[in-house]
Amino acid sequence: MHTVELREQALRMARQLGYCIREEWLDGNGGGQCEFAGRRWIFVDLAQSAAEQLEQVAETLRSDPAIHALTPTLPLRKLLNMRKTA
């Protein structure tokens with residue numbers, strides 16, 4: 001599966017988990033997750049490559065225990081190092 005497609009799937013999954021997504025030009029300094037005003041955010045640095053953006057979002061998803069309540073596609077599950085549930 002193409003990196004851009006995986007990135008979009010990861011962003012959809014993050015939204016399902018309640019994250020707000022902000023895509024900004026951060027001059028290659030990277031984005032990340034944060035929480036303010038009672039909401040969880042993921043800032044995606046548009047100056048980074050699609051692969052770097054994907055890894056940034058995947059890192060956030062891996063750290064969220066609620067991820068196991070969702071059923072991602074097989075390629076995304078592999079990226080997130082998730083085991084298939086019965």
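This report covers the nonpolar core, the cysteines and the aromatic rings of a predicted model.

The largest nonpolar core holds 18 residues, and those with the most contacts inside it are Met-13, Ile-21, Ile-42, Val-57, Leu-61, Ile-67 and Leu-80. At least two residues of this core come from each of α1 (3–16), β1 (19–24), β3 (39–45) and α2 (50–62). The largest share, five residues, is that of α1. Apart from neighbours within four places in sequence, Ile-21 contacts Leu-11, Ala-14, Arg-15, Ile-42 and Val-44.

The count of disulfides is zero. Cys-20 is in no disulfide, and the nearest cysteine sulfur, that of Cys-34, is 9.8 Å away. That separation is too far for a bond, because the sulfur atoms of Cys-34 and Cys-20 would have to lie within 2.5 Å. Cys-20 is buried at 11% relative accessibility, whereas Cys-34 is partly exposed at 31%.

Two aromatic pairs are found in the whole structure. They are listed here.

| Ring pair | Centre distance | Plane angle | Class |
|---|---|---|---|
| Phe-36 and Trp-41 | 5.3 Å | 5° | stacked |
| Trp-41 and Phe-43 | 6.1 Å | 25° | stacked |

Both pairs count as stacked because planes under 30 degrees apart fall in that class. Ring pairs join Phe-36, Trp-41 and Phe-43 into a cluster. Within this cluster, Trp-41 is buried, with a relative accessible area of 17%. Phe-36 is partly exposed at 40%, and Phe-43 is partly exposed at 21%.

A charged side chain also meets a ring: Arg-40 lies over the face of Tyr-19, at 4.0 Å from the ring centre.

Technical notes:
Residues are numbered from 1 along each chain as its sequence is written. This is a predicted model: local features need pLDDT of at least 70, side-chain atom pairs count only at pLDDT 80 or more; totals for chains, interfaces and linings use all residues. Side-chain values use heavy atoms; hydrogens and water are left out. A nonpolar core is a set of buried Ala, Val, Leu, Ile, Met, Phe, Trp, Tyr and Cys residues joined through side-chain atoms within 4.5 Å. Buried means under 20% relative accessible area, exposed over 50%, partly exposed in between (1.4 Å probe, protein chains only). Helices (H or I, at least four residues) and strands (E, at least two) are DSSP runs, numbered from the N terminus. Contact means heavy atoms within 4.5 Å. Rings of Phe, Tyr and Trp (its six-membered ring) pair if their centres lie within 6.5 Å; planes under 30 degrees apart count as stacked, over 60 as edge-to-face and the rest as tilted. A charge sits over a ring if NZ of Lys or CZ of Arg is within 6 Å of the ring centre and within 35 degrees of the ring normal.
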